[in-house]
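Here is a short report on one protein structure. Keep the sequence and the model in view while you read.

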Amino acid sequence: VQLQASGGGLVQAGGSLRLSCAASGLTFSNYGVGWFRQAPGKEREFVAAISARGVSTYHDDSVKGRFTISRDNVKSTVYLQMSSLKPEDTAVYFCAAEYWILTDQSVPDYWGQGTLVTVSS
């Protein structure tokens, strides 16, 4: 199983980025997928998740209204659209997958390698 994250980069505060995570080696539509992030010197934290069939989404309060998670089960890809970025959003963003549903309390079955997002002030 591979989860390949991409789309990170350097952006100014207030800007936007879209992260992608392409999955292979699993039946993608059977897995809840989501994003976590880890800022320098801090623990990894939950950002957002979407259920296996895309019916339900969950966003941490810190990103609600600014970030939107979505998925394309035909392309086996999950996306994180990030807008109104703040310097405190600077982190390595990891995609993750867990069978059927992923939540903020999950220990995911699979992790991607991470993509760095840097937001300058």
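Which side chain meets glutamate 45 in a salt bridge? The partner is arginine 37, at 2.7 Å from N to O. Note that this is a predicted model.

**Salt bridges**

Side chains of opposite charge can pair when their charged atoms come close. A search of the whole structure finds four salt bridges. Three of them are listed here, including the pair above.

| Aspartate 89 | Arginine 37 | 2.9 Å |

Look at the pair of aspartate 89 and arginine 37. Aspartate 89 lies in the loop between E8 and E9, while arginine 37 sits in strand E4, so the pair ties together parts that are 52 residues apart in sequence.

Are these two residues buried or exposed? Both aspartate 89 and arginine 37 are buried. Arginine 37 has a relative accessible area of 6%, and buried means under 20%. Glutamate 45 counts as partly exposed, because its relative accessibility is 37%.

Lysine 64 counts as exposed, at 51% relative accessibility. Aspartate 61 also counts as exposed, at 64%. Elsewhere, salt bridges that share partners join Arg37, Glu45, Arg66 and Asp89 into one network.

**Arginine 66**

Where does arginine 66 lie? Arginine 66 is in the loop between strand E6 (57-59) and E7. Arginine 66 counts as buried because its relative accessibility is 12%. The side chain of arginine 66 reaches the backbone oxygen of serine 62 at 2.9 Å. Leaving aside residues up to four places away in sequence, arginine 66 touches Gln81, Met82, Ser83, Ser84, Leu85, Lys86 and Asp89.

**The nonpolar cores**

In soluble globular proteins, nonpolar side chains tend to be buried together. The largest nonpolar core in this model has 29 residues. Which members touch the most other members? They are Trp35, Val47, Phe67, Val78, Leu80, Met82 and Tyr93. Several strands give two or more residues to this core, among them E3 (17-24), E4 (31-38), E8 (77-82) and E9 (91-99). A second, separate core has five residues, including Phe36, Phe46, Ala96 and Leu102.

Follow tyrosine 93 through its contacts. Not counting residues up to four places away in sequence, tyrosine 93 touches Leu19, Trp35, Phe36, Arg37, Val47, Phe67, Leu80, Met82, Gly114, Thr115 and Val117. Phe36 in that list is a member of the second core.

**The four-stranded sheet**

Strands of a sheet pair through backbone hydrogen bonds, either parallel or antiparallel. Which order do the strands of the open sheet follow? The four strands run in the order E1-E3-E8-E7, with antiparallel pairing. E1 and E7 are the edge strands, each pairing on one side only. Neighbouring strands of this sheet are turned by 15 degrees against each other on average, direction ignored.

Zoom in on E3 and E8. Six bridges join these antiparallel strands. Find alanine 22, then look across to E8: threonine 77 stands opposite.

Terms used. Residues numbered from 1 in each chain as written. Predicted model: local features only at pLDDT ≥ 70, side-chain atom pairs only at ≥ 80, totals over all residues. Heavy atoms only, no water. Core = buried A, V, L, I, M, F, W, Y, C linked by side-chain atoms within 4.5 Å. Buried < 20%, exposed > 50% of the residue type's maximum accessible area, 1.4 Å probe, protein only. Contact = heavy atoms within 4.5 Å. Polar contact = N/O pair within 3.5 Å; in protein donor to acceptor, adjacent residues only side chain to side chain. Pairing = 2+ DSSP bridges. Axes fitted to C-alpha atoms, helices over the stretch in contact; angles between N-to-C directions.
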